[in-house]
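Colleague: I would like to learn how to read pockets, cavities and helix packing. Can we take them one by one?

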Amino acid sequence: MSTITPGPLLAVEKLQKHYAQSRSMFLRTQAGVVKAVDGVSFQVPVGATLGLVGESGCGKSTTARLLLRLEDPTGGRIQFDGKDVHGAVGPALRDYRTNVQAVFQDPYSSLNPRMRVAGIIGEPLSANRAISAGELRDAVAEVMQTVGLNPQSAQRFPHEFSGGQRQRIAIARSLILRPRLLVLDEPVSALDVSIRAQILNLLMDLQEQFGLSYLLISHDLDVIAEMCNEIAVMYLGQIAEIGPAAEIVDNPRHPYTQALFSARLPAHPDGVSARIRLTGDIPSPLNPPSGCRFRTRCPQVMPVCAERVPPVTHLPNGHLASCHLLNESVVLGV
């Protein structure tokens, strides 16, 4: 992991994204509101990696779209380098989009099959800056070498490359503008197991070389544990627990986090993992449970969990969790 410079590059505060649901596509009468992201707060320091984990539908990818300005938030605030993101227009917006780039899950669908690799990689640079053809060609060659691709293959099409090479092309495209933050949305899940380690090592090397910050979204808890400085665990649009990676992995305090990480294989072949199996389905974000949103599946649920939203409990080492079990007076019935 790279050395972290103090202070957040990205600060997200009480971020919300709600979608109105209609009863009828013709009458357009509102049936309710889907709270896809509902009060999420976190920070990404310079040169650090924050991992965002949780089951499908918990709001991870919606959070990423909000950060990339692909959607507008319903509420809350996003600041990048101390400046408001969603108030940015003109040169300020262009500067933000230059500094924040993305690498998506599937390199087979994220690359235009009709464009040559030189065009795919160079397009963000030519679209954002006045640059000569020779300068653009040199920049493409340099970034291809940086990600481990032969610049002589720049005139080939994406289908002529393997899956791992295509993801390197996607990474090169994201790097050509020299961004400061990469949003990595399941960057290795579509790749063969033998290729995943190569791409992850490349990402860690690039972070060290350029001082990049990463927001890493992944279902692979081993990838999260290996790559991240901090981990945020989302459930039904909210953050259940957040803190240093070692704290979250080795000492999870929220019952949902405990269940999530209990599914990891033991570090040693002879180790035994006590799997915590959750019952029931994830509730609909259109009608989330009262009180604690996890209570309908929690193996340690208490009556208070249905009555009150659990407050954020501050634990040692910057570890935060929202659970009534961490409030001693509640547990003791005081």
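Colleague: What volume does the largest pocket have?

Modeller: Start with the general idea. Rolling a probe the size of a water molecule over the atoms shows where empty space is left. Now the case here. This is a predicted model. Its largest pocket has a volume of about 490 Å³.

Colleague: Which residues lie nearest the centre of the largest pocket?

Modeller: Gln238, Ile239, Ala240, Val312 and Ser322 do. They belong to a lining of 22 residues.

Colleague: How does the lining of the largest pocket divide by class?

Modeller: Twelve of its residues are nonpolar. Seven are polar and three are charged.

Colleague: Which elements supply at least two residues each to the lining of the second largest pocket?

Modeller: Helix H2 (90–99), strand E6 (100–103) and helix H5 (163–175). By class, the lining of this pocket has eight nonpolar, two polar and two charged residues.

Colleague: And cavities? How many are there of 30 Å³ or more?

Modeller: The count is one. The largest cavity has a volume of about 50 Å³.

Colleague: Which residues line the largest cavity?

Modeller: Four cysteines are among them: Cys292, Cys298, Cys305 and Cys323. The lining also includes His254, Pro255, Phe294 and Arg295. Gln300, Val301, His324 and Leu325 line the cavity too. By class, that gives eight nonpolar, three polar and one charged.

Colleague: Let us turn to helices. At what angle do the axes of H3 and H5 cross?

Modeller: The general idea comes first. Two packed helices are described by the angle between their axes and the distance between the axes. Here, helix H3 (residues 117–128) and H5 have axes that cross at roughly 30°. The axes come within 7 Å. Angles under 35 degrees count as roughly parallel, so H3 is roughly parallel to H5.

Colleague: Which residues meet where H3 packs on H5?

Modeller: H3 brings Val117, Ile120, Ile121 and Pro124. H5 brings Ile169, Ala172 and Arg173. Six residues of this contact are nonpolar, none is polar and one is charged.

Colleague: How do the axes of H5 and H6 cross?

Modeller: They cross at roughly 20° and come within 10 Å. Helix H6 spans residues 193–210. H5 and H6 are therefore roughly parallel to each other. H5 passes H6 in a right-handed crossing. From H5, the contact has Gly164, Gln167, Arg168, Ile171 and Leu175. From H6, it has Ile195, Gln198, Ile199, Leu202, Leu203 and Leu206. The contact of H5 with H6 has seven nonpolar, three polar and one charged residues.

Colleague: One pair is left. Are H3 and H4 roughly parallel or roughly perpendicular?

Modeller: Take the angle first. The axes of H3 and helix H4 (residues 133–146) cross at roughly 110° and come within 9 Å. That makes H3 roughly perpendicular to H4. The crossing of H3 past H4 is right-handed. H3 uses Val117, Ala118, Ile121, Gly122, Leu125 and Ser126. H4 uses Leu136, Ala139, Val140, Val143 and Met144. Nine residues of this contact are nonpolar, two are polar and none is charged.

Definitions and conventions. Residues numbered from 1 in each chain as written. Predicted model: local features only at pLDDT ≥ 70, side-chain atom pairs only at ≥ 80, totals over all residues. Heavy atoms only, no water. 1 Å grid on protein atoms, 1.4 Å probe; cavity = no way out; pocket = protein on both sides within 12 Å on 5 of 7 lines; lining within 4 Å. Points joined across faces, edges and corners; volume = space filled by probe spheres on them. Nonpolar A, V, L, I, M, F, W, Y, C, P; charged D, E, K, R; others polar. Helix = DSSP H or I, 4+ residues; strand = E, 2+ residues; numbered from the N terminus. Axes fitted to C-alpha atoms, helices over the stretch in contact; angles between N-to-C directions. Parallel < 35°, antiparallel > 145°, perpendicular 65-115°, else oblique. Left-handed = near helix turned anticlockwise from the far one by under 90°. Contact = heavy atoms within 4.5 Å.
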